[in-house]
Amino acid sequence: MSVFLLYLNTAQKVDTVEHGMVRGLATANPATCETRALARDYLAIEAGDEIIGCNGDGIRWQATIDEVIDATLQDEEGEVGDPVRILKGSLTARGGRSVAAACKRMKDNGIELPEIINSRGSGFKQGALAKRLTDEQAEELASGLS
């Protein structure tokens, strides 16, 4: 089992050719993930892994991945679109702690910041999506969740 930090910058509900409307914790285009270094780890997430979901300013939740669905997007007119990788899972904790506060604690404790967080520890780098965390990083980021 691995723990990943995930930047929630995508829709959680999408229409697919194969499954109709699917609601997940996160969605991303796998082709885009392959070409972006700060998104590539999204492709390594699998059932049984844990993710810590953050938006631009805060750590929102932690979840266990139950299922990963690879599908094809479909728009309202039925046009087939890009591939999509959907993460479905169960929330295990909720949070509200700021990313900056968690990063300050990490720096104070001598723990290296995850690669997708900017060097100031104030937010996410442009194009960031997912990063596998070390045990120490995961512990610090999850410490503000309940």
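1. Is Phe-124 buried or exposed? Phe-124 is buried, at 14% relative accessibility; buried means under 20% relative accessible area, exposed over 50%, and partly exposed in between (1.4 Å probe, protein chains only). The residue sits in the loop between α2 and β8. Helices (H or I, at least four residues) and strands (E, at least two) are DSSP runs, numbered from the N terminus.

2. Some conventions follow. This is a predicted model, in which local features need pLDDT of at least 70 and side-chain atom pairs count only at pLDDT 80 or more, while totals for chains, interfaces and linings use all residues. Residues are numbered from 1 along each chain as its sequence is written, and side-chain values use heavy atoms, with hydrogens and water left out.

3. Leaving aside neighbours within four places in sequence, Phe-124 is in contact (heavy atoms within 4.5 Å) with Leu-5, Tyr-7, Cys-54, Asn-55, Val-99, Ile-116, Ile-117 and Asn-118. From Val-99, Phe-124 is 25 residues away in sequence and 8.9 Å away in space, C-alpha to C-alpha.

4. The count of disulfides (a pair of cysteine sulfur atoms within 2.5 Å) is zero. For Cys-33, the closest cysteine sulfur is in Cys-54, 17 Å away and therefore too far for a bond. Cys-103 is in no disulfide either, with the sulfur of Cys-54 nearest at 8.6 Å. Cys-33 is buried at 2% relative accessibility, and Cys-103 is buried with a relative accessible area of 1%.

5. Helix α2 (residues 99-108) packs on helix α3 (residues 135-142) at an angle of about 135 degrees, the axes being 9 Å apart. Axes are lines fitted to C-alpha atoms, for helices over the stretch in contact, and angles run from 0 to 180 degrees between N-to-C directions. The angle makes α2 oblique to α3; under 35 degrees would count as roughly parallel, over 145 as roughly antiparallel, 65 to 115 as roughly perpendicular, and the rest as oblique.

6. Ala-102, Arg-105 and Met-106 of α2 make this contact with Gln-137, Glu-140 and Leu-141 of α3. Within α3, the buried residues are Gln-137, Ala-138, Glu-140, Leu-141 and Ala-142. Their cover includes β1 (3-7), β5, β6 (59-74), α2 and β8 (130-132).

7. Glu-46 lies in the loop between α1 (30-35) and β5 (50-54). Not counting residues up to four places away in sequence, Glu-46 touches Ile-65 and Val-68. The C-alpha atoms of Glu-46 and Val-68 are 6.2 Å apart, across 22 residues of chain.
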